[in-house]
Amino acid sequence: MAEIFPRVSMFRLGWRGVKLSRKVTNAAASAQTRRRYSTDACERDRSLFGLLFDIDGVLVRGRTPIPAAKQCFRNLVDSDGRYKVPVVFVTNAGNSLRETKAEQLSHLLEVEVSADQVVLSHSPLRVFTQFHDLCVLVSGQGPVVEVAHNVGFKNVVTIDMLRDANPLLDVVDHNRRPKDMNPPSKDLPPIDAVILFGEPVRWETNIQLITDVLLTNGRPGNPVTSLHYPHIPVLACNMDLLWMAEAKNPRFGHGMFLVCLESIYKKITGCELKYEALIGKPSIVTYNYAELLIRKQAEQLGWTRPVERLYAIGDNPMADIYGANLYNRYLKAMDRTRAQVQAQGGSSSQVTGDLQCEASDDAKRSGRVMVGGSFDHRLPEGCSSILVCTGVYNHNHQDLPSDPEQTVTEQQIFHGHRDFRFDPSLTQPSFVVHDVQDGVELVFQLEGWSLQ
């Protein structure tokens, strides 16, 4: 008889951690992490934490809610619909506005979700103000112009606008080729940067026109006379190679589109495509932005002490788990560096510079790591990762590495982005649970809180 996978598994000692029944596991977890705070203690005596939820594969599959999600969120709010702890939804989806995603979640989960609780893959672009006044080409689907304006860009050109202005550029689909031999072209301002929001509908059109823009230094109607390198800035959101919808197997994500674009650019030029910023999970900048929203919610709840811990619940080891563990490493490094600098009589600005350098080692040019924050407030002491089995990761089909020192070729294929330094240990979650409800129940037990 096949071994029944436990509802909750502890992996503090690696992937070969003992598989326990739900009851025994919860008892062990409670004994291991029991806090000195009682459930009925007031806020000043109780441990404070926040929750980061992935959406696809954790709360929904496509447009269908995962059954455990509704019950989970009924427990997370009180009788007045007020959240018991700060909650932020962190998704690599980016084909909508935050307000639209919040409305969808409110309907699906049957609880109130505000736009200030949602981090989409492009949300941190708000802090990249140095690009907001430039003329940018945007790629993706959905209301890309509205999304671009919403995060701060003022001068936006879409792929369709570029195609309309230069009809001879898009000729892969014979049915879309211009009927006139010499169709008129229209003037567009030179493009200063490229913003990749998410996977487009017509990959061949977007790859062709983006490549034209890069090869011509932002003037795709001109002939290529020499290689412009480095090329104009490229900022990419959402690096997910795969994501989980209603199909039985994962679907291609924007990360797959980036692989194609990078490969074609290198094949043509012999040079690597360079990114000014990589945004979305597992980038540190995304988690810092989510922490900013957690902090604001804690203030709205009336909490007077900083949030001590974050718990990130996701279904993708290469995005959700890798990102949460990377952010946990960053938080630990930040705490060490702060202590060292302060012990030497240094300033907060020196701490900021030191940590930005350290973070950039983990994620190539992942953007400003101190999003909306300063070192005057106290960041969480850590971020624990919780892997659910309802999405990309399925325990019946996948084995996870038992030894974090083994290389990717020995254990698994690295699905993360090309520019991220792969560390197999970062794919190991703090906990593995069956679904999101089990994950939240575990967190509340670990923290000594009641869900009743």
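Guide: The largest pocket holds about 850 Å³ of space, a pocket being an open set of points on a 1 Å grid over the protein atoms alone, where a 1.4 Å probe fits, with protein on both sides within 12 Å along at least five of seven lines. Its lining counts 38 residues, of which D56, A93, N95, K101 and W243 are the closest to the centre. The elements that give two or more residues to this lining are α3 (98–109), β11 (242–243) and α9 (317–343), and α3 gives the most, with six residues. By class, the lining has 12 nonpolar, 16 polar and 10 charged residues.

This is a predicted model, in which local features need pLDDT of at least 70 and side-chain atom pairs count only at pLDDT 80 or more, whereas totals for chains, interfaces and linings use all residues. Residues are numbered from 1 along each chain as its sequence is written, and side-chain values use heavy atoms, with hydrogens and water left out.

Turning to helix α6 (residues 203–215), its 13 residues reach 18 Å from the first C-alpha to the last, close to the 18 Å expected at 1.5 Å a residue. Because 10 of its 13 residues are buried, α6 is largely enclosed by the rest of the structure, where buried means under 20% relative accessible area with a 1.4 Å probe, protein chains only. Among these buried residues are T205, I207, D212 and L215, and the buried residues of α6 pack against β7 (135–139), α5 (159–165), β9 (193–196), β10 (234–237) and α7 (254–269), contact meaning heavy atoms within 4.5 Å. Just after α6, N217 takes a positive phi of about 60°.

Technical notes. 1 Å grid on protein atoms, 1.4 Å probe; cavity = no way out; pocket = protein on both sides within 12 Å on 5 of 7 lines; lining within 4 Å. Points joined across faces, edges and corners; volume = space filled by probe spheres on them. Helix = DSSP H or I, 4+ residues; strand = E, 2+ residues; numbered from the N terminus. Nonpolar A, V, L, I, M, F, W, Y, C, P; charged D, E, K, R; others polar. Expected span 1.5 Å × (residues − 1). Buried < 20%, exposed > 50% of the residue type's maximum accessible area, 1.4 Å probe, protein only.
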